[in-house]
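Have the sequence and the 3D view open side by side. We will go through the fold one region at a time.

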Amino acid sequence: MNKVSFVIRKITVPPVFAASLLIIAYIMYPSFFGSLWHLFGGLMFLCVLPLLAYPLQKFIPHFKDKGRDGQRTLAMIFSAVGYLLGTLVAFLTDAPKELKIIYLEYLLCGIIMIVFNKVFKLKASGHACGIVGPVLLMLFFKMYIPAIIGTLLIIPVYVSSLKTKRHTASQLIGGSFIPLASLVIINLLFFLLA
């Protein structure tokens, strides 16, 4: 069972869900992107950059001997940089509002995750956050069938995280709550600025 759980965790890393969100959104609502370049940018900032943390860990002196904790910290840094760059590009190029919401959701989740984990030392699951976030965005943008499929995938991800002892139930719940709180904050901001 543990082997299956490890495989589930490997194939459900957050950048895979980010890529799924972007590609499905582009197929269903191409107007969310304005151009194919914004889709490529999204894949680079939300998927490729965060994934680069894993192979590059062994080449970065401060992180290469820190094992799983070093990998986790480096992944958070790479993710935050990708989310920040993506958000800046979206606003500087006047991308459609929907794409701005996607980037802001990731950026705000990244900021809250770093604050929880590094400032308050409360470990929230980045894995749960990175999976629940795209599913919530799919629901928000009325992509109901992909959202239902994504929701069904959350259960094996939670079970595999518990089986492999990567996260506790409270860490999974905390990580799942962060994207919900972020989406509420973003919608309040857009409402106030409208």
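Start with how the elements are named: helices are DSSP runs of H or I with at least four residues, numbered from the N terminus. With those labels, Lys165 sits in the loop between α8 and α9. Keep in mind that this is a predicted model.

How confident is the predictor? The chain averages a pLDDT of 91. A score of at least 70 is reached by 99% of the residues. Among the elements, helix α2 (residues 14–28) has the highest mean pLDDT, 96. Helix α4 (residues 61–64) has the lowest, 78.

Back to Lys165. Its phi is positive, about 60°, although Lys165 is not a glycine. Most residues other than glycine have a negative phi. Is Lys165 buried or exposed? Exposed means over 50% relative accessible area. Lys165 has 73% relative accessibility, so it counts as exposed.

Lys142 lies in the loop between α7 and α8. Its phi is near 65°, again a positive value in a residue other than glycine. Lys142 has a relative accessible area of 52%, so it is exposed by the over-50% rule.

Now follow the chain into helix α9, residues 169–193. Does its length agree with its residue count, or disagree? At 1.5 Å a residue, its 25 residues should span 36 Å. The end C-alpha atoms are 37 Å apart, which agrees. Several residues of α9 are buried, including Leu172, Ile178, Leu183 and Ile186. Gly175, Ser176 and Pro179 are among them too. What do the buried residues of α9 pack against? Their partners are α6 (97–119), α7 (126–140) and α8 (144–163).

Turn next to the surface. Ile77, Val81, Leu84, Leu85, Leu88 and Leu92 make a nonpolar patch of about 540 Å². Val81 belongs to helix α5, residues 67–92. Its relative accessible area is 40%. Partly exposed covers the range between the buried limit of 20% and the exposed limit of 50%, so Val81 is partly exposed.

Finish with charge pairing. How many salt bridges are counted? The count comes to 1. Lys100 pairs with Asp94, and their closest N and O atoms are 3.2 Å apart. That falls within the 4 Å cut-off for a salt bridge. Lys100 has 12% relative accessibility, under the 20% limit, so it counts as buried. Asp94, at 61%, counts as exposed.

Definitions and conventions: Residues numbered from 1 in each chain as written. Predicted model: local features only at pLDDT ≥ 70, side-chain atom pairs only at ≥ 80, totals over all residues. Heavy atoms only, no water. Helix = DSSP H or I, 4+ residues; strand = E, 2+ residues; numbered from the N terminus. Expected span 1.5 Å × (residues − 1). Buried < 20%, exposed > 50% of the residue type's maximum accessible area, 1.4 Å probe, protein only. Contact = heavy atoms within 4.5 Å. pLDDT = per-residue confidence, 0-100. Patch = residues over 30% accessible without salt bridge, like charges linked within 9 Å, V, L, I, M, F, W, Y side chains within 5 Å. Areas by Shrake-Rupley, 256 points an atom, 1.4 Å probe, with all protein chains shown as cover. Salt bridge = Lys/Arg side-chain N within 4 Å of Asp/Glu carboxyl O.
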